[in-house]
Structures are given as C-alpha cells and as structure tokens.
Amino acid sequence: MLNDSQRWLLLAVTLTVGFLLYLLAPVLTPFLAAALLAYLGDPMVDRMEAKGLPRTAAVVVMFVLLLSAMAGLVLLLVPALQQQLIALAKALPAYIDWAQTNLAPWLNKTFGVDASLLDLSSLKSTVQGNWSQVGGAAGGIMSWLSSSSMALVAALANLVLIPVVTFYLLRDWDHLVVRLRGLLPRKWEATAVQLAMDSDTVLGSFLRGQLLVMLVLGAVYSLGLWWVGLELALIIGVVAGLVSFVPYLGFIVGILLAGVAAMMQFHEVYYLLLVGAVFGVGQALEGMLLTPLLVGDKIGLHPVAVIFAVMAGGQLFGFVGVMLALPAAAVIMVLLRHLHQQYQQSDLYADS
C-alpha cells in the first residue's frame with residue numbers, strides 16, 4: 001500500500017501531467033497520431049519479425065503498406081465525398097420543397113404540429129445562398145493555409161512529423177516497452193505489467209477490431225445504397241460506418257438518413273424496403289461475423305463509456321483529448337476492475 005507521502009507524490013505527478021497535456025495539446029497532436037499508428041502496426045511488425053524478417057525491414061514493409069492504404073483512402077474518398085456534398089447542397093432546396101409539400105401537412109394532420117413553426121422557406125433561402133461554399137471547401141482550406149504562413153508551416157510540419165515519428169516508434173517499440181518496464185519499482189512491477197497487458201488486450205482488440213468493422217460496414221452500406229440507386233450512397237455509408245463504433249448507432253443513423261434520402265429522391269415506399277434490406281444485411285453481417293471475428297465479446301469497453309470518453313476528452317483537451325480518450329478509458333476500466341478485485345479480497349468486503 002502507498003503511504004501518505006507517496007499518495008501526494010502520485011497526485012502531484014498526475015496533476016502535472018494533465019496540466020502539461022493541456023498546455024502542449026497543439027504540439028502533441030502529430031506525436032499522438034504517430035503513436036496510435038505505431039501501436040496499431042506493431043503486432044504485424046512482430047509477426048513479420050518472428051518469421052525471420054529483420055525488424056527494420058519489417059517496419060519498412062509495414063510503413064509502406066500503412067502509407068499506401070492511407071493515401072489510397074484519401075485519393076479515393078475525398079474527391080468522391082466532395083462531389084456528393086456538392087450534389088447534396090444542390091439537391092437540398094428540392095428536398096425542402098418536398099418536405100414542405102408532403103411532410104409538413106402530414107405532421108400537422110397526424111400530430112397537430114403547426115407547419116409555420118418549421119420555417120422551411122427561410123431554410124431553403126439559406127441553403128440556396130450558401131450551397132456553393134460546400135464545393136469550395138477544400139479550396140477555402142488551402143486559401144486559408146496560404147494566407148497564414150504559420151498555419152502552412154504547422155500543417156507541413158505535421159505531415160512530415162507523423163510518418164517520421166511513426167517509423168522510429170515502430171522500429172524501437174519493443175525497446176521502449178522494455179525501458180519503461182525497467183523504470184517500474186520492483187515491488188510494483190508484476191502488478192503494473194499485468195495491468196498494462198490487460199489494458200493492451202482491451203484497447204488493442206477495440207481499436208484494431210473496431211476500425212476494421214467500421215471500414216467493412218462503411219463499404220457494405222455504401223455499395224448497398226449505390227445498388228439501390230441512392231445519389232448520396234457514399235456519404236451516408238461513410239457516416240454510418242464511422243459511427244458504428246457504438247453498437248446499433250451506425251444502423252440507426254444510417255437507416256434514418258438513407259430512408260429520408262430515398263423518400264425525397266424516389267417518392268416510393270418500395271425503396272424504403274430496399275434501404276431496410278441493405279442495413280439489415282449490414283447489421284446481420286456485423287453481429288454474426290464481423291464483431292465476433294474481429295473484435296470479440298470480452299472487450300468490456302461499454303458503448304456508453306466510449307461515448308462519454310470521446311466527448312469528455314474533446315471537451316477537456318480538444319482533438320488531443322479525443323485521441324487520448326479511448327486509451328484512457330481502457331486503462332481506467334482495467335484499474336477499476338483491479339480495485340474491485342482488491343476490494344473483494346479485503347477485510348472490508350468480508351466484514352460487510
């Protein structure tokens with residue numbers, strides 16, 4: 001057990017680290033992104049090394065695969081998503097007209113909602129006045145970067161830093177783990193190592209498995225909605241895939257967005273059935289194959305904890321907090337399990 005001076009020292013270290021994270025958040029972003037990529041890629045590097053490939057060569061192979069995958073996603077998705085955003089902005093006035101003609105009277109008749117409260121005409125005017133800004137979003141970002149030399153330098157520095165730091169972290173990952181373990185007090189080493197292994201099991205399974213699930217579901221939803229003929233298939237599929245880290249949330253958000261888009265585009269109930277079939281197939285695929293195979297059922301990271309961790313991290317530390325949210329949640333959950341086990345083995349629990 002810790003004595004009073006050790007408890008105060010631990011509290012002081014924790015507060016100091018938290019304060020430094022708050023102050024250094026803008027600087028830490030590329031390093032945390034690189035650490036995340038290295039953490040995700042380390043198991044694959046270890047497998048290649050176990051098969052006889054030198055560590056540096058394995059890192060180079062993993063690094064090339066990682067960069068190629070990221071570059072491919074950016075080159076394929078960004079232009080397509082921008083085109084769909086432009087199409088959405090152009091179609092919104094027609095969607096608003098449809099809602100004013102069909103949805104507003106139905107709401108009035110069914111629920112007694114006053115149609116004037118929706119103010120759809122004002123919304124339509126706003127959309128028509130600003131839709132062109134959507135198509136120029138990428139150009140606007142580049143223009144802003146060009147007008148601000150410091151912002152341009154920071155963006156270029158991050159683009160260079162992330163792959164460089166990722167490479168060195170992947171190459172030296174095992175050495176860093178050994179050195180960190182060597183810093184632990186001997187009497188705490190066994191417990192700390194076990195807690196770290198439990199945290200790695202929870203976090204690694206969630207991040208690696210859930211990222212693959214999100215990618216597969218995003219592809220399934222996008223292809224399925226494209227087969228239905230929905231104009232906004234890609235953007236809805238990507239959104240549904242991204243939010244599917246919370247069970248059923250991707251299904252709910254996706255089917256609502258796709259259902260509304262299908263009714264506004266086709267005006268036929270038949271297409272709602274097709275949309276429901278696409279998301280039904282996706283949900284069945286996730287529940288019966290993807291999640292059991294890629295994620296497993298013993299992660300223990302509750303969906304509510306995931307949502308709260310991401311929102312709390314973003315509120316406290318911005319984007320850096322979002323990146324730290326899941327690792328922190330995994331560690332906290334493992335520590336709480338350890339404390340619960342200690343409590344059950346204590347005299348306090350036995351006497352209660």
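This is a predicted model: local features need pLDDT of at least 70, side-chain atom pairs count only at pLDDT 80 or more; totals for chains, interfaces and linings use all residues.
Biologist: Let's start with two helices, α3 and α8. Why are α3 and α8 called roughly perpendicular to each other?

Modeller: The axes of α3 (residues 55–111) and α8 (residues 233–242) cross at roughly 115°. Angles of 65 to 115 degrees count as roughly perpendicular, and α3 and α8 are therefore described that way. Their axes come within 8 Å, and the crossing is left-handed.

Biologist: Which residues make the contact between α3 and α8?

Modeller: From α3 there are Leu77, Ala80, Leu81, Gln84 and Leu85, and α8 brings Ala233, Leu234, Ile235 and Val238. Sorted by kind, the residues of this contact are eight nonpolar, one polar and no charged.

Biologist: Nice and clear. Now to α7: how do you know what span to expect for this helix?

Modeller: The expected span is 1.5 Å times one less than the number of residues. Helix α7 (residues 186–228) has 43 residues, for which 63 Å is expected. From first C-alpha to last, α7 reaches 62 Å, close to that value. Next comes glycine 229, which has a positive phi, near 105°.

Biologist: One more, please. Is alanine 330 buried or exposed, and what makes you say so?

Modeller: Buried means under 20% relative accessible area. Alanine 330 has 0%, so this residue is buried. Alanine 330 lies in helix α11 (residues 303–344).

Biologist: And how far apart are alanine 330 and alanine 305 in sequence and in space?

Modeller: They are 25 residues apart in sequence, and their C-alpha atoms are 9.4 Å apart in space.

Notes. Residues are numbered from 1 along each chain as its sequence is written. Side-chain values use heavy atoms; hydrogens and water are left out. Axes are lines fitted to C-alpha atoms, for helices over the stretch in contact, and angles run from 0 to 180 degrees between N-to-C directions. Helices (H or I, at least four residues) and strands (E, at least two) are DSSP runs, numbered from the N terminus. Angles under 35 degrees count as roughly parallel, over 145 as roughly antiparallel, 65 to 115 as roughly perpendicular and the rest as oblique. A crossing is left-handed if the near helix is turned anticlockwise from the far one by less than a right angle, and right-handed if clockwise. Contact means heavy atoms within 4.5 Å. Ala, Val, Leu, Ile, Met, Phe, Trp, Tyr, Cys and Pro count as nonpolar, Asp, Glu, Lys and Arg as charged, and the others, Gly among them, as polar. Buried means under 20% relative accessible area, exposed over 50%, partly exposed in between (1.4 Å probe, protein chains only).
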